[in-house]
Amino acid sequence: MSAQMDTWVSSFSFLLFCASSIPTRGSARLLQELSPQEYFSSLEAGRASLAYFSHNVSPGAQPFLEQIENSAEALQDYGISVVKVNCPKEDVSRYCGKENALRKAYLFRGNMLIREFPTDALFDINSIVANVLFALLFNEVKYVETLADLQNIENALKGRSNMVFAYVPATGTAEHRAVMEAAFVYGTVHQFVLTTEATLLKDTGNAEPDVSSARLFFCHCQRATDLAQPCGRTAMGQALTMLNIHRHLKLMGAPLVTEVAEDPEKVSTVHLQLGLPLVFILSQKETYEADRRTAEFVAWQLLGKAGVALLSRDLVDLNVLLRSNVALKTPDEGVPIKYLVLEDTDEVITLVEDKSKVEQIQEAEEEEEEEEEEDEKENNNQDIQDDQVVEAVSRDKKRELPLEQILVLTEETFHSALAETARTVVLFYASWEAVSLAVLRSYAEVADHLKGTRGVLLSRVNCWDWPGVCTKENVTQFPTIKIYEKGERSVMYDGMWGTEELTRFIMLSRVSCPLKLATIEEAEGYLRGEFPSELSSYQHTSVLGVFSTATSEAREAFEEAGNILSGHVTMGMYSEDDGLALSRKYAVSPPALLLARSGGGSVEGIALSEESTQDMVRMIRYELLDIFPEITVLNLPRYLQLQKPFLILFSDGDVGQMESKEMLKLAKGRPQRAFVACWLNLKKTPVGRGVLKTYFATLPSLPLLVWVNLHAGGQVFKFPSEQAITELNVLSWLEKLKAGLEIPSSTLSEEDWKPPLPAYDFLQMMEMAVPELPLHTSGRRGDTPARSPPESPGGDTSTREEPSQETKVEKVTSPGRDLRGTALRLAAREKQGKRHSEL
Amino acid sequence: LGLALYAGSLCAASRAAFLYHDYCVIGAGPSGLQVAYFLQQASRDYVVFERSHAPGSFFALYPRHRKLISINKQYTGKSNSEFNLRHDWNSLLSHDGRLLFRRYSRDFFPKADVMVRYLEDFASLLKLRVQYNTAIVHVTLERDEQAWNGHYFILTDQDRQNYKCSSLLVATGTWVPNVVNFPGSEYVEGYETVSINPEDFSGQAVLILGRGNSAFETAENILGVTNFIHMVSRSRVRLSWATHYVGDLRAINNGLLDTYQLKSLDGLLEGDLEDLAIVKDKKGKLHITLRFYLENRNTSTGIDSITLPQDELDNFATRAPYDRVIRCLGWKFDFSIYNRSLRMMPGKENKKKYPQIKPSYESRGTRGLFVLGTASHSVDFRKSAGGFIHGFRYTTRAVHRLLENRHHGVPWPSTVYPITQLTNSIIKRVNEASGLYQMFSVLADIILLRENATSFEYLEEYPVGVLAELEMQTGRKAPNGLFVVIMEYGRNFSGADKDVFYYNRAVGEAQHAWQSNFLHPVIYYYKHLPTEREMRLRPPEWSLPRPDAVHHIVEDFLTDWTAPNAHILPLRRFLENCLSTDLRNFFAESCFLFAFTRQKLPPFCRQGYVRMQGLVGSEGLRRHAVEAGLLEDYALTDSSGDRAPDTHKESQDPLLGDHVMPVRPLQHLVNAKDE
């Protein structure tokens with residue numbers, strides 16, 4: 001938005017610049033005071049001046065004089081000088097002599113009198129500028145009173161040039177001034193016509209015009225050929241201000257339909273620059289002519305509201321649905337282009353108009369917010385914490401953590417402590433680091449869960465106190481958790497930093513992995529989840545490797561895989577010497593894996609061939625994934641790694657039996673698992689609401705089936721809510737998706753993660769404060785523009801010292817330095833959290 | 001006879017033969033032992049030559065009054081061994097916890113004898129290969145294209161035994177006393193030999209030449225028994241607490257400043273020693289006169305004919321005669337043993353007591369010759385601590401790392417971290433690193449960015465003067481830009497004539513951090529490694545050329561830079577803006593939301609959550625984040641939508657009123673640093 005404002009303002013200021021660059025006589029004061037002789041001899045041919053004659057300042061003329069003085073600057077922009085002529089007492093010439101003349105102002109061009117204004121017509125700057133320009137632009141701005149006059153002018157212009165027709169309720173108003181100022185710039189391009197007749201406004205086809213407010217129309221007479229028909233008109237929707245008129249004329253001047261043969265993301269037109277949307281009509285060679293007519297028709301309808309471009313699909317490789325025929329590009333940066341399938345042109349128009357309505361409301365709101373934000377900016381957002389973890393930890397720092405269960409280790413006690421217990425869990429952390437401290441809190445909860453568990457010691461090392469131990473134990477990141485087995489290896493924890501996961505990991509890793517099962521009873525008990533008993537409350541899926549004595553290679557790979565997966569998976573191993581009882585029962589031949597899913601009761605058998613350890617790990621991990629899982633914050637990463645699209649059933653609570661059955665069928669029916677079919681329980685994973693809000697702006701009715709191309713394109717499709725969620729319906733819907741026959745409800749933002757806020761630019765501050773620093777002289781690269789110090793206005797040495805003095809002064813007065821500002825800083829802390837609710 | 005002949009020829013043969021070592025170190029002082037330790041750890045072929053029978057022979061004699069002025073801080077309140085080295089100025093670096101100086105002395109300013117004992121232990125406990133009683137008297141070159149540097153160094157000892165070395169490490173310190181020659185300088189006693197018994201000075205008037213720590217140390221010793229002490233030197237006194245240079249006059253020695261300023265008869269004078277002359281009268285008293293008067297006199301007709309300044313100017317300051325004149329002018333490097341071909345040149349101006357070396361500590365004249373220890377102080381003379389144990393123990397390690405890379409293909413040690421650890425690794429180092437802290441503006445940590453800024457490589461304590469040669473000197477590549485982490489005092493803060501106690505000298509707010517005066521971390525960002533030319537053209541007083549961006553971490557009263565909002569947050573913003581990424585941490589829940597709603601994830605989620613190492617966070621923490629408005633609680637919002645944020649906003653509003661109000665600095669909370 002601000003970028004558009006910039007182009008806006010810059011083009012406007014360019015316009016003003018053009019206006020003001022008309023040479024003016026340089027004078028210190030804008031209102032000159034001259035004697036009559038001086039005045040008349042100074043008049044130059046072609047130059048306009050507004051003169052006011054006075055003997056001495058009569059009290060009545062005082063306010064008028066003030067206004068005229070105020071308007072001198074505005075008039076100077078148009079090359080008109082304002083002069084107060086002091087009549088000598090005895091002067092009885094034409095202008096000075098008559099008492100009457102002294103109540104008037106005179107407009108001269110050269111020494112020719114153009115118009116005399118009674119002072120009461122020049123009541124303020126608007127009226128002065130409006131009236132003076134009106135008088136000077138006699139030819140450029142026609143004043144009409146009747147419809148016939150208007151039509152005559154219109155007819156005369158047809159085929160030649162366009163007309164700007166303005167209605168103002170009265171002359172001398174701000175609107176009148178705006179029209180006149182526009183006429184000053186555009187008068188040579190378009191014919192301006194002005195009226196104050198309300199009836200004329202009615203006659204020109206406005207059914208019930210609001211005659212109290214000014215209106216402006218752009219009449220497309222240049223392209224009108226039929227003399228009998230009036231020129232096409234486009235009313236300006238906004239209030240009559242100089243900026244709005246300028247913008248309107250600019251839009252009217254833009255080509256009706258732009259032909260585009262490049263990536264629409266890169267296209268920029270006047271409309272986009274002026275903050276209006278751009279509608280693309282997608283065309284093909286075969287339908288070009290018809291599309292062009294459609295585009296022109298739409299363009300006429302949207303004139304002044306949006307731009308229209310004709311995009312030839314043959315020339316541009318578009319990665320969108322073939323059925324799409326319209327695209328909408330909004331001026332907001334970073335918003336991707338929306339591709340749509342629309343039935344008729346009305347839809348295009350409502351699309352744009354509704355959007356602009358919504359936007360207008362939003363704009364109004366935004367403006368309010370912007371004001372607030374500007375206040376904020378002075379307070380500097382940069383120093384407000386916007387890291388949720390750091391902020392949460394600092395808000396929690398006063399609370400004493402229940403760390404009694406956790407042994408504090410030091411450089412001296414580290415090794416002796418490890419030797420004492422069978423299994424020592426060590427959290428390596430840094431006491432100043434937020435993530436470490438967040439994990440420490442979960443770790444305290446783990447300690448509480450595991451209180452009284454024998455053979456497990458929970459301990460911690462603060463690497464800020466004992467860097468030597470941490471370096472020796474190869475801890476390069478904070479936090480790190482390692483589990484040391486007495487006299488043996490150590491395992492680094494690589495799971496989620498959460499209480500349950502860590503507890504589970506510690507418990508699972510107490511049992512050797514894989515666990516060697518000695519008897520067939522143990523193996524059966526293991527598959528039932530009853531053996532070993534200490535894990536019965538933790539395990540989910542049991543993996544049992546069944547080997548014959550001969551299959552040593554597969555067994556080795558399995559054992560090594562066990563080492564890697566230790567803590568994450570429960571793995572058992574059974575070597576069959578006795579009559580292949582297991583193999584027979586589950587219809588597999590060794591080497592094989594048996595998988596017993598928790599709660600399922602069924603046991604699946606998977607034959608093993610010559611897998612390497614890595615293959616084995618990958619396979620076991622894959623097999624552990626559920627077919628139709630409930631997706632949660634904790635298990636999502638495992639499914640994300642499949643790099644597949646997601647088919648998610650959002651549900652408020654448990655999934656209905658019917659849907660569950662159908663979805664399971666659907667998931668099982670795809671052996672290659674081309675997508676991840678899953679469901680999400682909003683009660684258990686409330687953040688799912690956030691996902692839905694992002695997809696659909698509001699919370700849709702549930703249950704809801706959604707297809708998300710997470711890894712390719714990011715389109716989100718919504719299963720039609722009127723259809724029942726059955727395997728067949730979903731499959732045919734998926735077919736349609738693949739064929740490109742469905743329109744995505746939304747597309748995931750492709751935006752990069754940029755710095756949330758700027759940093760302090762110390763380099764610039766240094767240069768500003770100490771301009772004599774030769775900092776920028778050694779800069780070599782073109783891509784780092786050397787900032788030159790600000791020019792000192794006087795250019796002498798005394799001003800050069802100023803910046804450093806300023807910094808000195810600032811040093812003294814700026815609050816928050818040293819202890820003196822502590823109270824202030826503490827008070828300012830309260831503002832934290834006010835903003836940055838957006839991530 | 002035959003036997004004698006045989007023995008003689010054997011002797012001759014062994015004398016002609018060269019004993020070869022890859023590395024030869026001259027001098028078993030602190031820096032010689034320090035480099036020996038690193039060479040030993042790296043299992044290199046080296047030998048240390050020491051002319052005395054024990055290490056640290058300089059400390060056996062000096063300082064004469066036996067008190068070291070390097071601090072030996074017993075307690076810092078911290079157990080961090082690296083941090084504690086910041087306040088231990090006497091220990092050498094080693095892995096052995098026994099070799100910490102605080103285990104040798106409890107004195108804050110330890111005795112020099114303890115240093116001698118420490119150095120003996122250091123050499124023997126670590127089994128360093130030191131060859132004692134070997135004085136190297138001559139060093140020359142032998143050209144050989146096969147040699148590492150195109151030549152071998154041939155060292156000759158006092159017994160004419162020759163040694164051949166590929167690389168020569170000169171750790172001889174500066175031990176040759178500086179002397180001035182002027183008429184009457186024969187009456188001057190040197191610091192090396194002057195009595196240290198105060199009774200010898202009772203009731204005497206003493207003139208001391210020089211104004212360094214040795215001069216003041218000498219004065220301190222006799223301050224209570226002399227009639228008066230006068231001290232003459234060319235330059236004004238430089239106080240180390242004003243210059244922030246430990247080689248200048250330390251407060252522990254400055255008793256004479258007190259007695260001078262309080263008009264207790266002692267005094268300081270400025271004058272060029274070269275212009276002086278001393279004449280002895282019949283009573284043995286020494287009179288100060290000017291060389292100029294002596295030159296005008298044609299014959300030596302005795303003291304009476306010599307003009308004294310007070311003859312013309314009867315209130316001449318030093319008109320009172322002295323009983324003794326003592327020279328305390330410091331030491332210089334022994335240039336005498338090097339053959340001309342080595343081109344060991346003295347430095348320029350005030351650095352002429354040191355040999356000329358590059359910022360890599362390699363001699364300007366000879367490749368493969370490195371100068372270590374005090375003699376290498378020309379690199380940072382009057383700036384940093386490179387001339388003192390607590391500084392050169394780090395520069396010596398840096399030189400060793402350069403050698404490892406150059407001769408053995410062992411690249412500079414480094415650790416690779418994921419980008420999410422960038423802020424952490426900087427904060428960790430600036431808070432504990434002692435090398436950065438002591439060798440401020442000289443040694444810097446270098447962070448080399450990997451492609452796409454997903455990870456980085458961290459190199460510690462690289463000599464910043466050879467930044468341009470980084471790739472060649474370290475064997476590491478820097479194609480994607482780099483950060484340089486260094487510590488600096490504020491520009492224009494330090495100086496002999498500066499008021500370092502002015503009001504509001506300390507900066508408290510992060511946004512003014514660049515004006516910080518006291519030692520604080522500064523991080524420079526370069527998109528490309530600076531070139532040699534840029535290094536050369538850098539502004540004077542700048543240790544680095546103009547960066548693409550720079551960040552100052554605001555000075556801290558406690559030198560503890562771990563405050564989340566004042567230190568870490570602005571640093572993170574700086575790093576984020578240099579790398580154009582978002583380095584915030586997120587709870588797993590946020591990553592979950594991003595995974596489903598954005599095509600790209602922030603680095604923290606990408607490198608943590610997606611790899612199944614998400615930060616779940618405790619319920620309490622999540623609640624805090626929600627209260628802070630940094631995490632949305634979707635469990636609350638339900639269908640009624642945005643009610644929760646509204647109430648949240650309301651609850652904040654009353655507080656808003658408070659902090660936008662301009663608060664005048666509170667007068668009762670005056671700067672604690674003043675007290």
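Modeller: A salt bridge is a side-chain nitrogen of Lys or Arg within 4 Å of a carboxyl oxygen of Asp or Glu. This is a predicted model, where local features need pLDDT of at least 70 and side-chain atom pairs pLDDT 80 or more, while totals for chains, interfaces and linings use all residues. Residues are numbered from 1 along each chain as written, chains are lettered from A and ligands numbered from 1 in written order, and side-chain values use heavy atoms, without hydrogens and water.

Colleague: How many salt bridges are there over all chains?

Modeller: The search covers the whole structure. Over all chains, the number of salt bridges found is 45.

Colleague: Which residue forms a salt bridge with B:Arg476?

Modeller: The closest N and O atoms of this pair with B:Arg476 are 3.2 Å apart. The partner is B:Glu457.

Colleague: Are B:Arg476 and B:Glu457 buried or exposed?

Modeller: Buried means under 20% relative accessible area, exposed over 50%, partly exposed in between (1.4 Å probe, protein chains only). Both B:Arg476 and B:Glu457 are buried.

Colleague: How many residues apart in sequence are the parts that B:Arg44 and B:Glu404 tie together?

Modeller: The side chains of B:Arg44 and B:Glu404 meet in a salt bridge (2.7 Å, N to O). B:Arg44 lies in the loop between helix H2 (30–41) and strand E2 (46–49), and B:Glu404 in helix H11 (residues 389–408), all in chain B. Both B:Arg44 and B:Glu404 are buried. So the pair ties together parts whose separation in residues is 360.

Colleague: In chain A, which residue meets A:Glu259 in a salt bridge?

Modeller: A:Glu259 is partly exposed, because its relative accessibility is 46%. The N to O distance in the salt bridge of A:Glu259 is 2.3 Å. A:Glu259 is in strand E11, and its partner lies 33 residues apart from it in helix H11 (residues 288–302) of chain A. That partner is A:Arg292.

Colleague: What is the relative accessible area of A:Asp263?

Modeller: A:Asp263 lies in the loop between strand E11 (257–260) and helix H10 (270–273) of chain A. A:Asp263 counts as partly exposed, because its relative accessible area is 31%.

Colleague: Which residues of chain B join A:Asp386 and A:Asp387 in a network of salt bridges?

Modeller: The network links A:Asp386 and A:Asp387 with residues of chain B.

Note on methods. Helices (H or I, at least four residues) and strands (E, at least two) are DSSP runs, numbered from the N terminus.
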